Amino acid sequence: MRLTRQGRWYIIFAIILVIITLGVFVQNSADFSISALREYFLHIGFGGYILFILLLVASIPLPIPSTPLMIIGGYVYGAVIGSIITFIAVIIGSLISFFLVRRYGRPLIDKLVDHHHIVHFSHLIQQHGLGVLFLCYAIPIFPSDALSM
């Protein structure tokens with residue numbers, strides 16, 4: 001994937017967001033484990049929900065895999081609440097991606113999404129219709145973040 005100046009800024013923003021999150025977490029925790037991460041997110045209360053949503057929203061237009069974040073959300077908040085938070089974050093991120101692409105058009109897609117994915121999903125939609133998009137979102141092996149663009 002080729003990166004432009006704007007793409008590099010997106011990656012830098014995502015890295016800074018992750019570093020700040022982990023920095024605050026490590027500063028407040030003597031041991032770094034998944035259970036400690038869970039306790040941290042639960043301890044900060046409503047801010048944990050917002051932070052988790054921001055991480056997931058940032059993962060949609062950026063090259064950060066969202067599936068591990070979704071699994072962590074299920075572990076931290078439980079299956080039902082984690083799914084609801086993930087759903088909200090994916091909707092927000094998809095809307096942001098939609099409006100960015102609507103504003104900047106195909107050149108933005110070409111910069112952020114690998115050409116192979118563009119060709120592959122265009123072919124699937126032409127051959128099987130829009131119903132295939134639901135399956136691609138439901139099966140975590142597909143890069144559903146590219147579908148949002």
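A residue counts as buried when its relative accessible area is under 20%, as exposed when that area is over 50%, and as partly exposed in between. Keep this in mind as we walk through the structure, which is a predicted model.

Let's start with threonine 86, found in helix α5, residues 79-104. Its relative accessibility is 9%, so threonine 86 is buried. Which residues does threonine 86 touch, leaving aside those up to four places away in sequence? They are Phe52, Leu56 and Met70. The side chain of threonine 86 also has a polar atom 2.7 Å from the backbone oxygen of glycine 82.

Helix α3 covers residues 46-59, and its 14 residues should span 20 Å at 1.5 Å a residue; the end C-alpha atoms are 20 Å apart, so the two values agree.

Now for helix α2, residues 34-43, in which Ala36, Leu37, Tyr40 and Phe41 are buried. Seen down the axis of α2, these buried residues fall within an arc of 135°, so they line one face of the helix. Just after α2 comes glycine 45, with a positive phi of about 65°.

Finally, how many salt bridges does the structure hold? There is 1. It joins arginine 38 to glutamate 39, with the closest N and O atoms 3.7 Å apart. Here is how accessible the two partners are:

| Residue | Relative accessibility | Class |
|---|---|---|
| Arginine 38 | 27% | partly exposed |
| Glutamate 39 | 48% | partly exposed |

Note on methods. Residues numbered from 1 in each chain as written. Predicted model: local features only at pLDDT ≥ 70, side-chain atom pairs only at ≥ 80, totals over all residues. Heavy atoms only, no water. Helix = DSSP H or I, 4+ residues; strand = E, 2+ residues; numbered from the N terminus. Buried < 20%, exposed > 50% of the residue type's maximum accessible area, 1.4 Å probe, protein only. Polar contact = N/O pair within 3.5 Å; in protein donor to acceptor, adjacent residues only side chain to side chain. Contact = heavy atoms within 4.5 Å. Arc of directions from axis to C-beta. Expected span 1.5 Å × (residues − 1). Salt bridge = Lys/Arg side-chain N within 4 Å of Asp/Glu carboxyl O.
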